[in-house]
Amino acid sequence: MTTVALKDVTKVFKDGTPAVDRVNLDVNDGEFMVLLGPSGCGKSTVLRMVAGLETPTSGAVLLGGELANDLPPRERGAAMVFQDFALYPHMTVGDNIAFPLRLAGVEPDRRAERVADVAGALGISDVLARRPGQLSGGQRQRVAMGRAIVRRPGLFLMDEPLSNLDSGLRAELRAEISGLTRELGVTTIYVTHDQAEALTMADRVAIMRKGVLQDVGTPTQVYGRPATLYVAAFLGSPRMNLLEASVYVHLDRYVTLTLGEQALYLPWDDIRTRAVAHYHGERIVIGMRAEALTPVTPDTQGDVLYGRIRYLEHHGHESLAFLDIGATAVVVDEMGTPVDQPVPGERGLRRFNQVVQRITGRAGEPA
Ligand code: ATP
């Protein structure tokens, strides 16, 4: 059983600013945890402390509930896969995968059996006799994975393992990696700055900024209910609409949200009212995903936000409308297909103008 726990872990390098600042994080047995954040936010340093390649300046790293701060890397039962995985160029693929077993003194027959199993699972059985120089990037990365899993570690630590690959291969391998680690039931910590990778692979995502952990949750939780404004703005494309609003709770039980010159009236039993009512008299930031803003016809009553379209961006299956209220909306017509390109004088423009006069606002929780 491999669990990982970080308790108030801080790492300060020589220059004095903490690269990791009082991070608390629990990774459950068999869980796929992704550390996500921009370059330099400290995610690799967290991973290296779990691996034993760095020592925390303060705080505790626990593996399987035991304090591991001073445990040497080889005694941690962890296998690492990096971005620039180094395979031995003079050895065959089979020997590369078998290498950790040879170091551990495993018998040749048993070694060959394990290598065959691993190669089968990774779809590289037919290249075992080749040398790394004769492989594609994706195959090389599979070999690196093979070398990591062949020892059946209790813990996988992966640092941007796909970042040197092209996008098609990345998508393919990310499904394979998350499938494989789940099949093996191995606890995994995976570092990336790529949010698509994080949201598609993770059981839970931990988002960092400047050494500080901002939010931890399932992909749905961090996307739908981000804990901080930073996470709200960081996750998702297009960026979440973040609009300033004033909150006023009326005694006859409804709430007004004032955004610029517009007001949204929220009935008392609306779930959004619960989220904002305790901010009576305050200015807050409300977050609205573009996909939560739906175009409506001009005669629609109720909580409607008005905005003039500045421009449209077409994305094939949908279009994005950028509005002068500082918001972005996803626009689809009644048939669920994208609104036509608005060309002056053509039907598309007329229809579009009609559609976008009013936009319903569904506010998320204040970030
Ligand atoms: P990237 O995605 O670019 O690798 P990261 O989020 O993994 O970034 P880290 O590599 O953990 O970030 O680095 C966090 C901070 O710590 C950075 O400011 C970095 O310059 C600094 N840092 C990392 N390793 C060392 C070191 N050995 N000595 C001094 N500073 C370091």
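I started from A51, in a model that is predicted rather than experimental, and found A51 to be partly exposed, because 18 other C-beta atoms lie within 10 Å, whereas a residue counts as buried at 20 or more and as exposed at 12 or fewer. I placed A51 in helix α1. Setting aside the neighbours within four places in sequence, I listed the contacts of A51 as P73, R76, A78, M80 and L157. I also looked up the separation between A51 and G168, which are 117 residues apart in sequence and 30 Å apart in space, taken C-alpha to C-alpha.

**The ligand shell**

Which helix gives the most residues to the shell around the ligand? I found that helix α1, residues 43-51, gives the most, with three residues. The residues around the ligand are F13, A19, G37, S39, G40, C41, G42, K43, S44, T45 and H193. Sorting the shell by class, I recorded three nonpolar residues, seven polar and one charged.

**The six-stranded sheet**

I next traced an open sheet of six strands, whose order is β6-β7-β8-β3-β9-β10 and whose pairing is mixed. The edges are taken by β6 (78-81) and β10 (212-217), and each of these has a single partner strand, so one side of each is left without a neighbour in the sheet. From one strand to the next the twist averages 15°.

I then went through the pairings at the β6 end of the order. Strands β6 and β7 run parallel and are joined by four bridges, and within this pairing A79 stands opposite F156 in β7. Strand β7 (residues 155-159) is also joined to β8 (residues 187-192), by five bridges and again in parallel, with M158 standing opposite Y190 in β8.

The 13 residues of α4 reach 19 Å from the first C-alpha to the last, which is close to the 18 Å expected at 1.5 Å a residue.

How many residues of α4 are buried? I counted ten of 13, and I therefore describe the helix as mostly covered; the buried ones are R140, Q141, R142, V143, A144, M145, G146, R147, A148 and I149. Looking for what covers them, I found that the buried residues of α4 pack against β6, α2 (93-103), α3 (108-122), β7 and α5 (167-184).

**The four-stranded sheet**

Last, I looked at an open sheet of four strands in the order β2-β1-β4-β5, in which the pairing is antiparallel. Its edge strands are β2 (18-27) and β5 (66-67), each of which pairs on one side only. Strand β1 (residues 4-12) and strand β4 (residues 58-63) run antiparallel and are joined by five bridges, and I noted A60 in β4 as the bridge partner of K7.

Technical notes: Residues numbered from 1 in each chain as written. Predicted model: local features only at pLDDT ≥ 70, side-chain atom pairs only at ≥ 80, totals over all residues. Pairing = 2+ DSSP bridges. Helix = DSSP H or I, 4+ residues; strand = E, 2+ residues; numbered from the N terminus. Axes fitted to C-alpha atoms, helices over the stretch in contact; angles between N-to-C directions. Expected span 1.5 Å × (residues − 1). Contact = placed C-beta atoms within 7 Å. Near = placed C-beta within 6 Å. Nonpolar A, V, L, I, M, F, W, Y, C, P; charged D, E, K, R; others polar.
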